[in-house]
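Trainee: I have a model open and would like to talk it through with you. Could we start with what you mean by a touch between residues?

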Amino acid sequence: MKKTFTINLGGIVFHIDEDAYELLDKYFVSLLQRVSGLNKLFMEQPQIITLMSILESARYESDFAKYRKCILDACALVEEIEEGCADV
């Protein structure tokens, strides 16, 4: 007789055998490996939001000097993000 496990997924209780548990465990390990690379992206999220905000404000700027400043600020922020990614 196979060993059974009781698991809770999203508030639903399942009773699964040992083979199914091992498959589920392998699935979760592979899922974690796939998303582990996204941690850096989420750490950079505030900078990306700032970048999008700068570019959005540049779209509506009619004064060329202010438009140019927005674009240069965005470029500087992109370089900062790239340098941060290279350090890791």
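Mentor: By contact I mean heavy atoms within 4.5 Å. This is a predicted model, in which local features need pLDDT of at least 70 and side-chain atom pairs count only at pLDDT 80 or more, while totals for chains, interfaces and linings use all residues. Residues are numbered from 1 along each chain as its sequence is written, and side-chain values use heavy atoms, with hydrogens and water left out.

Trainee: OK, then which residues does Gln-47 touch?

Mentor: Leaving aside residues up to four places away in sequence, Gln-47 touches Leu-77, Glu-80 and Ile-81.

Trainee: Let me step back a bit. In what order do the elements run?

Mentor: From the N terminus on they run β-β-α-α-α-α, which gives four helices and two strands. Helices (H or I, at least four residues) and strands (E, at least two) are DSSP runs, numbered from the N terminus. Among contacts between residues at least 6 apart in sequence, 23% join residues at least 24 apart.

Trainee: And how much of the protein counts as buried?

Mentor: Of its 88 residues, 14% count as buried, where buried means under 20% relative accessible area, exposed means over 50%, and partly exposed is in between (1.4 Å probe, protein chains only). The protein exposes about 7400 Å², and carbon and sulfur atoms supply 61% of that area; accessible areas come from the Shrake-Rupley method with a 1.4 Å probe, and for residues only the protein chains shown count as cover.

Trainee: Back to H3, then: which of its residues are buried?

Mentor: Leu-51, Ile-54 and Ala-58 are the buried residues in H3. They cover an arc of only 60° around the axis, which puts them on the same side of H3; the arc is that of the directions from the helix axis to the C-beta atoms. The face turned away from that buried side carries the exposed residues Pro-46, Ile-49, Met-52 and Arg-59.

Trainee: What span should H3 have, and how far apart are its ends?

Mentor: At 1.5 Å a residue, the 15 residues of helix H3 (residues 45–59) should span 21 Å, and the end C-alpha atoms are 21 Å apart, which agrees. The expected span is 1.5 Å times one less than the number of residues.

Trainee: Switching to the strands, is Ile-7 buried or exposed?

Mentor: Ile-7, which is found in strand S1, counts as buried because its relative accessibility is 15%. Not counting residues up to four places away in sequence, Ile-7 touches Ile-12, Val-13, Phe-14, Ile-16, Tyr-21 and Leu-24. Ile-7 and Tyr-21 are 14 residues apart in sequence and 8.9 Å apart in space, C-alpha to C-alpha.

Trainee: What about Phe-14, where does that one lie?

Mentor: Phe-14 lies in strand S2 and is partly exposed, with a relative accessible area of 35%. Together with Leu-9, Ile-12, Tyr-27 and Phe-28, Phe-14 forms a nonpolar patch on the surface, with about 460 Å² of accessible area together. Strand S2 (12–17) and helix H1 (18–36) are the elements that give two or more residues to the patch. Patches are made of residues with over 30% relative accessible area and no salt bridge, with like charges joined within 9 Å and nonpolar side chains (Val, Leu, Ile, Met, Phe, Trp, Tyr) within 5 Å.

Trainee: You mentioned salt bridges; how many are there?

Mentor: The count comes to two salt bridges, taking a salt bridge as a side-chain nitrogen of Lys or Arg within 4 Å of a carboxyl oxygen of Asp or Glu. One joins Asp-19 and Lys-2, with the closest N and O atoms 2.3 Å apart. Asp-19 lies in helix H1 and Lys-2 in the segment before strand S1 (4–9), so this pair ties together parts that are 17 residues apart in sequence.

Trainee: And the Lys-69 pair?

Mentor: Lys-69 forms a salt bridge with Asp-73, the closest N and O atoms being 2.9 Å apart. Both residues lie in helix H4 (residues 64–87), four residues apart, about one turn of the helix.
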